Amino acid sequence: MKRISFLILTLLALVYCAGPKSGSKEVLKEFHEGIPGWNMAEAAVTGIIINPERPEKGEAVIIQATISNLGTGTTSPLVIHFLVDNEEIGQQRSESLGPHSQAQVSIRWQAKESGRHRIEVSLSVDPEVFDGSFANNSLTEIVRVAGEQRPVPELEVDIPESALQEWQTANEESLVPVIFRNPSFAPIESFWVQVYLDGEPIGRKKQIAYLAPGGEHRIPLQLQAQEPGEHRLSIALDLPDNYPKQNVQKIKGWSLVIPQHTSLNNIVQKHKWMSIGPNKIDNGNVGRIVCFAYHPINHNIMYAGGFGRDCNIPAGTGIWKTTDSGKNWVPIGDKLPSMMVSSIAIDPFEPANIYAGTVNNGIFKSTDEGKTWNLFAGPQVTGHFVSKLILCTEARSIGPRVVLYAASNIGVLRYKSDDPGTKKSRLVEWENIKQGIVTDLVRHPSDRSFLYASIEDKGLFRIKNAVEAKPEITFGNHDWEQLNTKQNNGLPSISGWNKLKLDIFSANPQYVYAGVLNPKPGYCFALYRSKNSGDTFQLLVEYPNDVLGGIYNPFIRVHPTMPDMIYFGGVHLYKWSAYDPPLGKTSWTYLIETWRADMKELIFNPVTPTNPNASLEYFLACDQGMFLCKAEPKPANYSFKKSLYFGLSSDSFEPRNNNLSVTQIYDFDISSNLPIRILAGTQDDGTILYEGNDIWKQVPGGGGDGYYSLIAPSNSKVMYAQHQDLFSTVRSGDGGKTWSAIAKNKGLPLGYVGDGYIIVDPNYPNLVLAAGASDEKNKDGQVFIATNTDLGENCIWEPRGPKGVAVKGWVKRIVIQPGTTAWFAGTTKGQVWTTSSKIPGSWSNIDSHPGEASIESMAFSPANPNVLFVLYSGGSPYHRIQRLVYTTDGGWNGTPITDNLDLEKAGFLRVICGDYHHSDVAYVGTDHGVFRWDGAQPSYDSWKGYNDGFPLTTVVDLKVGPDGRLYAATKGRGAWMVITGQ
């Protein structure tokens with residue numbers, strides 16, 4: 001049967017390579033249906049057996065290799081190469097392997113030389129026949145051949161990484177084995193071992209009397225729980241005199257660093273922030289990217305950026321650069337006045353010149369490949385949303401002319417200059433040539449002055465000489481033609497267009513594509529195509545509401561060589577093909593897993609294969625980061641087959657998110673006794689868990705948005721998380737391995753999405769909760785406690801106030817004074833109430849904001865629990881920070897400390913936190929980084945930016961860890977840590 005399959009594959013290759021012939025499409029389709037997954041073979045060397053394991057000099061040795069097919073297709077014949085010490089000693093051949101099958105091949109080798117030898121087995125294939133991939137195409141083993149006149153002893157010392165990891169993360173008493181191995185032919189007699197932790201000996205010095213050739217000896221090591229921080233485990237060896245000096249050097253001073261916080265054990269400076277990721281989430285995701293651009297010459301270089309405004313919180317990722325096609329990324333725009341990057345364009349003649357459009361802060365330009373940035377746009381652009389940039393540089397004998405078009409929320413803006421290198425004012429160089437909210441803008445690939453623009457609530461417009469178009473003073477067409485109102489144009493002529501998305505077929509620019517959202521009642525999307533530059537359009541396909549699973553921030557992209565293959569990005573990614581069956585009769589093909597959602601951009605590699613049958617690369621940006629994809633131009637409507645990565649057999653998806661730290665965090669919490677454990681709720685990446693390295697783990701069932709996160713103060717294995725809203729609150733009692741629901745509306749009021757706030761009282765096992773009301777008529781958001789101790793799905797919640805006519809607004813935040821039983825609740829109308837959990841219900845109002853602003857955040861000083869910082873924000877034309885101090889007479893005395901805080905520079909104040917060492921020091925997280933208050937300084941100098949090494953993005957949470965370090969969560973740049981110092 002394998003031979004028959006191979007013959008069919010060979011025959012198919014001959015038919016396919018011979019060119020298009022009558023009936024060839026039917027043969028290909030029939031083959032797909034007959035042999036599912038034919039192009040998904042995955043060959044690997046999965047084992048090497050050497051017999052005998054320790055041969056004598058001159059003895060014959062059999063080397064046997066196991067060859068496996070880990071894929072779902074059938075491999076072509078494989079050639080197996082056997083090498084000893086990098087020299088090939090022979091080859092063997094394996095016939096075709098079926099799905100999930102193995103074969104053993106072997107060869108005989110004469111062990112002529114004694115000593116240590118490296119055995120390698122590798123695979124090769126005929127690339128013209130093999131259509132698959134390698135999981136690994138080589139494997140190595142070490143064999144030691146006896147016969148030395150004087151065998152040289154070797155000693156290997158090892159501690160299982162899994163055992164250390166378990167001790168490190170659990171931070172409990174553990175039994176860890178230290179393993180000693182002798183791989184040589186010489187015995188090792190009577191040596192002594194002493195183990196040290198942080199320079200202190202653990203137990204007594206132990207003797208290993210004899211370690212035979214090929215032998216192993218284990219010493220159990222009892223490790224106790226340690227204080228958070230960096231610890232060093234080392235081993236001192238007293239070896240026999242005849243042990244070779246050169247081998248002593250290999251193991252003398254052998255040590256292993258056991259970090260309590262892997263990412264934080266680098267050499268760090270006080271007051272200098274450092275990132276703790278996520279550089280990657282374990283499912284390959286990382287966070288939102290909205291826009292990116294290829295370098296015009298070196299396509300391995302790309303620039304990317306992103307923004308968002310979820311739950312009315314601005315999110316900015318800044319600008320990132322890769323030089324290896326997305327395998328690694330570095331930030332290059334962390335100090336931009338706006339981290340909310342919406343568009344990027346690169347000068348094709350001067351690639352060092354890069355333009356970046358932002359949300360509300362104008363356009364920035366770099367002339368040194370992104371090392372430095374300066375504001376480029378004039379006042380006509382600054383303050384508006386720039387959604388897309390199109391750069392047209394013309395090389396002329398008298399110098400380059402630069403024309404830059406910007407799609408914005410006020411119109412199509414144009415910058416035109418014959419001397420762009422000068423520093424003269426650009427006020428007169430920016431002009432609005434088409435007013436309105438521009439939802440898309442595309443340019444003719446060869447005629448740089450030929451533009452198409454979609455205007456919200458207006459439709460589709462075309463201009464053939466945009467370079468010379470006059471500025472539009474009032475609404476009107478001027479040099480623009482409105483295409484959707486022309487008679488018999490083919491486009492719907494409705495006036496209420498929502499978002500119209502555009503693309504042009506690069507191989508034939510007369511092909512123009514328009515994706516219309518909400519084209520008519522009951523329909524969510526319609527795709528049109530023009531074959532005459534927009535004069536007339538033909539409806540290709542339309543879909544009813546919700547068929548495509550959502551249409552947020554959509555785009556359409558036509559394949560560069562296939563005019564009947566179109567990609568649509570909405571909540572998910574789809575591909576439409578009209579090749580088979582006939583045009584208009586197909587449906588969208590679903591391309592990527594559901595938890596990879598909210599597509600943002602798709603760009604094909606600028607190097608397009610001339611052969612339409614060749615695969616084509618493209619990069620995809622979405623709310624989970626960047627993905628390198630390969631499109632196979634085969635019919636898109638055949639049966640659903642998953643690829644090696646996450647898509648169909650026609651397109652593959654590979655995460656390219658290493659070091660791309662752009663996670664949007666809503667909230668996070670740190671274990672009070674184990675700082676390597678951090679739980680964070682994120683935008684579209686669920687709830688994620690940090691346990692000491694840059695790869696964070698997504699908790700089970702953590703898809704979608706994760707919001708409030710909590711680690712119990714008395715037990716770091718007890719955690720709480722929310723997904724989407726208050727009633728999806730879940731609890732884990734085993735460190736995040738399993739989760740169960742706890743909040744099921746058993747007495748709780750309905751809360752806003754992301755507005756449910758929970759906290760554990762360290763004095764009692766019950767959960768304390770402050771819930772926002774569902775609307776103005778349902779102001780019952782107050783402090784609730786869970787009455788049953790198991791906190792399962794059936795737990796009942798009881799209200800405990802504060803409530804009554806004196807209470808303004810509803811409870812938004814609640815904190816517990818350390819070392820006491822006092823609860824403090826802050827309301828949406830600026831009041832602070834307190835009560836004792838011993839007598840809950842008897843509340844006292846201790847402070848109120850005169851402007852009735854909402855209490856955004858409250859935090860006790862870690863250095864003095866009698867100091868409470870309160871941040872008032874959002875409900876008033878001004879912000880205010882209050883420092884409340886518990887006085888000897890039993891009351892709370894409040895003092896405003898806003899002083900010289902530059903609110904225009906800081907933006908919205910979101911979270912406040914005290915300092916580990918000083919009760920008169922506090923930190924505020926804002927829309928533009930962190931600010932530090934030092935009460936010992938005069939008022940004119942008490943507030944300063946605290947952003948050394950920190951990106952100027954939105955800070956949504958601040959926490960002080962048990963190690964005294966300050967941790968920050970950002971909306972777009974992940975999590976950070978700083979040593980504040982004393």
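In β49, the bridge partner of A680 is I688. The model here is a predicted one, so local features need pLDDT of at least 70 and side-chain atom pairs count only at pLDDT 80 or more, while totals for chains, interfaces and linings use all residues. Residues are numbered from 1 along each chain as its sequence is written, and side-chain values rest on heavy atoms, with hydrogens and water left out.

That bridge belongs to a pair of strands, β48 (residues 678-682) and β49 (residues 687-690), which run antiparallel to each other over four bridges. Strands here are DSSP runs of E with at least two residues, numbered from the N terminus, and two of them pair if DSSP finds at least two bridges between them. Zooming out, β48 and β49 sit in an open sheet of five strands with mixed pairing, in the order β18-β50-β49-β48-β47. At the edges are β18 (280-281) and β47 (665-670), each pairing on one side only. In general, strands of a sheet pair through backbone hydrogen bonds, either parallel or antiparallel.

Next comes W739, found in the loop between β53 (725-732) and β54 (740-741). W739 counts as buried because its relative accessibility is 17%, and buried means under 20% relative accessible area, with exposed over 50% and partly exposed in between (1.4 Å probe, protein chains only). Leaving aside residues up to four places away in sequence, W739 touches L679, V699, P700, M719, Y720, A721, V730, R731 and S732; a contact means heavy atoms within 4.5 Å. A polar atom of the W739 side chain also lies 3.0 Å from the backbone oxygen of G736. As for T729, 10 residues away along the chain, its C-alpha atom is 9.7 Å from that of W739.

One of those neighbours, Y720, turns up again in the largest nonpolar core, which has 27 residues; Y720, L767, V783 and W823 touch the most other members. A nonpolar core is a set of buried Ala, Val, Leu, Ile, Met, Phe, Trp, Tyr and Cys residues joined through side-chain atoms within 4.5 Å. Strands β51 (706-711), β55 (757-760), β56 (767-770), β57 (783-786), β59 (811-816) and β60 (822-827) each supply at least two residues of this core. A second, separate core of 23 residues includes A43, V61, I67 and L78.

Finally, the cysteines: the structure holds zero disulfides, a disulfide being a pair of cysteine sulfur atoms within 2.5 Å. For C622, the nearest cysteine sulfur is that of C629, 8.8 Å away. C622 is buried at 0% relative accessibility.

Terms used: A polar contact is a pair of N or O atoms within 3.5 Å; within protein, one must be able to donate a hydrogen and the other to accept it, and residues adjacent in sequence count only if both atoms are side-chain atoms.
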